[in-house]
Amino acid sequence: MKYYSTNKNSELASFKEATIRGQAPDKGLYFPEAIPQVDRGLIGNIKELSNETIAFNVIKPYVGDEIDEKDLLRIVSETVNFPIPLVNVNDGIFSLELFHGPTLAFKDVGARFMSRCLGHFLKDEKKKVTVLVATSGDTGGAVANGFYNVPGVDVVILYPSGKVSPVQEKQLTTLGKNITALEIEGTFDDCQKMVKQAFADADINQKLFLTSANSINIARWLPQQFYYFFAYKQWDYKRYPPVICVPSGNFGNICAGILAKQSGLPIDHFIAACNINDVVTEYLHTADFKPQTAKPTLSNAMDVGDPSNFIRILEMFHHRFPELKNNLSSFSVTDNETLETIKKVFVEYNYTLDPHGAVAYLALEKYLKDHPDMSGIFLETAHPVKFPDAVERATGKKTEIPVSISSILQLEKQCTKMSATYQLFKNFLLD
Ligand SMILES: *Cc1c(COP(=O)(O)O)cnc(C)c1O
C-alpha cells in the first residue's frame, strides 16, 4: 500500500515512511491510495474468529510486506490484548467499552499499535527519534504508556495546564525515563499549534528526528478500525446493521470507523457526537467548515476547534457534500445535557457513563428518536473514573477507583511548566 498526502504536493510514501514521518512534507495527512476490501469470509464468519485474527486481516493490506507476518501478528496481538465488550444499556442502545486497556481510554489501541510499529522500524537505526505529541487528555497517557522504555524513542508531551483531569495528568507526568511532559499555560489548540510549528522548523529538524503520535499518524489511525469489527462480531440484537455513534474531537476515531465501513463492514450510519465544540455539526447544516477556538467542556478530550482528521473524511467522500451527509449525522451536546444524561442513565439503567460516553449516548438517542426502527452502538471511550468530578456530581455516588489508578495517584508529578510561547518550546527541544 502506498499513501498519498491530502495536500497532493508530496511523493507517495510507504507504510514505514508514513509511520516514521507522521505528517507528509507538504503538511498534508497521509491517506491510502486505495481502500482495501475485506474478505467476505471475514464478515460472514466473524463470530468464529479471534480478535487477533480479525485485526491481522484488517491491517494486513495497509502494511503489505513491510512488516513480516510473524512480527505483525505479534504487534496486533499485543495491541488488542484486553477485552472490548459490547454491553447492552437499554432496549436498542449498546455501549462498546473501549476503556479496558492500560490507560483506560480507547487511545490505547492506536498508541500500542503505533509504538510497536515504530519500535520495529527503528530497531536497526542508529538515529534516535523524538515523538512530539499534543494532548487534550487521553492521548498523552496512552502514548506515554505505549512508548515507555521503547529503545531509540524519546517522547515529549504537551498538555494544557488545568484542562486535563487529575488521573490523566498523573498518567502522563509520572513515568519519567524516556517520557517528558510539558505543562503549557494555554489550550489544547495552543499545544497542537506549537507541535505543528516544531515540525515545520528547519533548525529543529536539523538537530532532531521528529515524528508525531497524534491521530494524524496512520499507524495510530488505521488500527482504530479493529474495534468496529469487534463490535459487529458481538452484534446480534437485530438482523440489520447498527448505527454507530462516536464521541468526536479530532475525528480520528470516527474516521477509522468510516474507513471500516468503506472496506465492507456492515454499518448503517455514523453519528459524530460533539460537545459545544461543534464545527462539524455546523458544517453538516451549512456545508461551511469554520474552525473555532476550542471551548473548555466536561468532555475535555473533545475540546477541539479545528479537527485535523476532518480532511480525511472529506477525502473518503470525494469532497462531495451530499454523499457525506447521507452517511454522517452530527449532534452537539452541552455540559448540562452531559450531566443530565450521566444521571439519567445511572438511575434508569444502572450504567455509569463518563462525560464523553454521555455525549455519545445522548446524540445516539436523539438520532434514534427520528429513526425508531434502528438500533445502535455508542463508543464509551474512557473509564468514568478518569472524570470523577463530573460523574460524582451527576450520580451523587463516588466512583470506585481501580487498583491500577490508585497506585498512580500516589506518584509525584514530574513536568516542566511553560507559557504557550513557541520560542520557549523550541529552546527546550534544542537543549
Ligand atoms: C481522544 C478522545 C476522544 C476524541 O477522539 P477523536 O479521535 O479525537 O475524535 C473522545 N473521547 C475520549 C475519552 C478521548 O480520549
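Helices (H or I, at least four residues) and strands (E, at least two) are DSSP runs numbered from the N terminus. The model is predicted, so local features require pLDDT of at least 70 and side-chain atom pairs pLDDT 80 or more, whereas totals for chains, interfaces and linings use all residues. Residues are numbered from 1 along each chain as its sequence is written, and side-chain values use heavy atoms, without hydrogens and water.

Helix 1 (15-21) and strand 8 (209-212) each contribute at least two residues to the lining of the second largest pocket. A pocket is an open set of points on a 1 Å grid over the protein atoms alone, where a 1.4 Å probe fits, with protein on both sides within 12 Å along at least five of seven lines; lining residues have an atom within 4 Å of a point. The second largest pocket holds about 250 Å³ of space. Its lining includes Ile-20, Arg-21, Phe-209 and Leu-210.

The largest pocket holds about 340 Å³. Of its 21 lining residues, Lys-163, Val-164, Thr-297, Leu-298 and Asn-300 are the closest to the centre. Helix 18 (residues 388-395) supplies the largest share of this lining, 4 residues.

Strands pair if DSSP finds at least two bridges between them. Strand 4 (residues 93-97) and strand 12 (residues 376-380) run parallel, joined by 5 bridges. Phe-94 lies opposite Ile-377 of strand 12.

How values were computed:
Points joined across faces, edges and corners; volume = space filled by probe spheres on them.
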